[in-house]
Amino acid sequence: MKKLTLSLLIISSIMIACQKTENIEPTTPKNTIEVVAPSNFDWKTTKEVTLKIIGMKDINPNIKNQLYVKSSDEKIVYYNDIINMNFDYTIIFSVPSTETNIIIEYGSKSQRINLLTNDIIYDYIVQ
Amino acid sequence: MKKFILTSILILISLFSFSQVTNNFEDGSWIYYYNRCWGIGPNSTYFGTKVNSAQNQSFNQSSVCETDNLGQVNRCILESPWINLSPGNITFNHCIPSFNGTRTLKVYIFKKMENNNTEHIHLLWSYEYLDNLQKIAIIPNSYTGNWKIRWEWEGSGGNSRGQIDNILIPGINISDPSNNCEPYTPIIIDTIYNYYPAINTSTLAFEDLWPSYGDYDMNDLVIGYKFKITSYDSYVVSVDGTFIVKADGAGLSNGFGFQFPILPSNILSVDGNGNQNGYDMASNGTELGNINKATFIVFSNQHDFMSEWNTVKGENVCPEYTFNIHIKFKQNSITLQQLSIQTWNPFMVKNGIRGQEIHLPNYEPTQLANYSLFGTGDDDTQIGVKYYKSKNNLPWALDITGNFEYPIEKNDISTAYLHFQDWILSSGENYKDWWSNISNGYRNPNFIY
């Protein structure tokens, strides 16, 4: 009798539990048009990065070289141009939003920069 | 005229005469000077010389260059950058702050021969310290050409260090920090190529029933695109746009164009576009009526070259169709940064009606768009606030990095890409690779063309 009562209790608990589960709404609607997107969502699969380059003002004013902004695996060049090492520049480029860091090359100088923020500063200084 | 020539000559002579390389070490950081090609800092070559702001009593300034304890390390070196020397006096302040042990300071000029890497070195000056008083060294130099100056301290016994400050060297600094501090040689300014978004194409996917939602399969027009930007001395010479039309899941006859954020007058010519029926084009290939931003029409009707939908599995397939648009720029009119290619503004023109533009979310319409359609149907565009988004903030077009395998006909994009909605609801923070990740649980291949 005890066994029967226990079994009935277990079965009924399971049934109650199942009923509750059935009532839970799916977290994402099936049709996209039912989704309410956050109003500030930009829908981009890329992110725009602003690179501020601080020139070395007190070196030979004629020094120019080719600047490369590359992907973390160095396979993609996001931007390249010949720039003067004395001058300040602001360069805007976009990278896939999955990119976590970039490599900046200028002549013999190479530096990996973390994309913790989309505003980065480069001053040629090697620590 | 005579006065002018004389003045010019005097100015040139004075400029040449007063060119000098200086270092007062006031930045206070050895890293600062090391990156400007001074041989200084705690590495194996220059071990023991560093800029020390604690020794401000020595030369009445905030910092000096100081060696380690010469009684322990015995020898320390400081080196200048490469200098194109002029004849004249090399001067500097120097001392040993405490007089104990034996201490000497020697000054050399040296250079490496290019052919065999051997060093040419000449001793210019030598001094043995007999007290701890501050001194000024004035060293006549008659050498010219490209040399480095080297200060070399030697010592034994005691604990005194060497200090130096306020260096003046007649000549011009020619070291190139961007080339391992070797003497500067001008680079040849050559043509530069940039690719946007990358050397491989990205994808635009449109829904064409704006301002109504439609079936949200995002395949009414699917275009792979990329740009090759050719520049010379930072000015844009030309832009080559590649547009690969992949899918035509539309009953409507749709066109496609784009804008650059520059005036149309900067454009010299445009080649390679398809039909532009129904559009008014200027002689330079930009669209008339869009006077603030150069507007380009790639094609006016995708049915002209797409004979099949390419969105229904099992049905006939037509090849992708490629446009190579070549845009020539007026010489020295726009720099790479002014072009700002990442802000290009692509748009579909719905069913051949010029005013019915469909843009990416939050991209502004062109001047030729029909503004009276905003806020009708499902659209909730509010000028200056939001563009081409619905009341639920949903768009009618997507710009997707890399290749996008679009959904099949009449299937909501969310049925094909199972984390698309998670990406939306997280404002793009989660599942950033919702379309490219082929792991289990990311996509349903049955609904992907």
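Glu74(A) is partly exposed in this predicted model, with a relative accessible area of 43%. Because that value falls between the 20% limit for buried residues and the 50% limit for exposed ones, the intermediate label applies. Glu74(A) sits in the loop that links β2 (64-71) and β3 (77-84) of chain A. The backbone of Glu74(A) is worth a look as well: phi is positive, at about 65°, although the residue is not a glycine. Most residues other than glycine have a negative phi.

Asn332(B), a residue other than glycine, has a positive phi near 55°. Asn332(B) is likewise found in a loop, here between β21 (321-329) and α4 (336-339) of chain B.

Two peptide bonds in chain B also deserve attention. Most peptide bonds are trans. The bond joining Tyr196(B) and Pro197(B), however, is cis, with omega at about -5°. Pro197(B) belongs to the loop between β14 (191-196) and β15 (202-206) of chain B. A cis bond also leads from Trp210(B) to Pro211(B), where omega is near 10°. Pro211(B) is placed in the loop between β15 and β16 (221-232) of chain B.

Turning to the strands of chain B, β22 (residues 345-349) is mostly covered, and 5 of its 5 residues are buried. The cover extends to both faces of β22(B). Asn345(B), Phe347(B) and Val349(B) are buried on one side, while Pro346(B) and Met348(B) are buried on the other.

β22(B) pairs with strand β18 (residues 255-260) of chain B through 5 bridges, and the two run antiparallel. β22(B) also pairs with strand β23 (residues 357-359) of chain B, again in the antiparallel sense, over 3 bridges. Phe347(B) takes part in both pairings: Phe347(B) is the bridge partner of Gly257(B), and His359(B) in β23(B) is the bridge partner of Phe347(B).

Asp271(B) counts as partly exposed because its relative accessibility is 41%, a value between the limits of 20% and 50%. Leaving aside residues up to four places away in sequence, Asp271(B) touches Asn324(B), Ile325(B) and His326(B). Asp271(B) and Val298(B) are separated by 27 residues in sequence, and their C-alpha atoms are 9.7 Å apart in space.

Key: Residues numbered from 1 in each chain as written. Chains lettered and ligands numbered in written order. Predicted model: local features only at pLDDT ≥ 70, side-chain atom pairs only at ≥ 80, totals over all residues. Heavy atoms only, no water. Buried < 20%, exposed > 50% of the residue type's maximum accessible area, 1.4 Å probe, protein only. Helix = DSSP H or I, 4+ residues; strand = E, 2+ residues; numbered from the N terminus. Pairing = 2+ DSSP bridges. Contact = heavy atoms within 4.5 Å.
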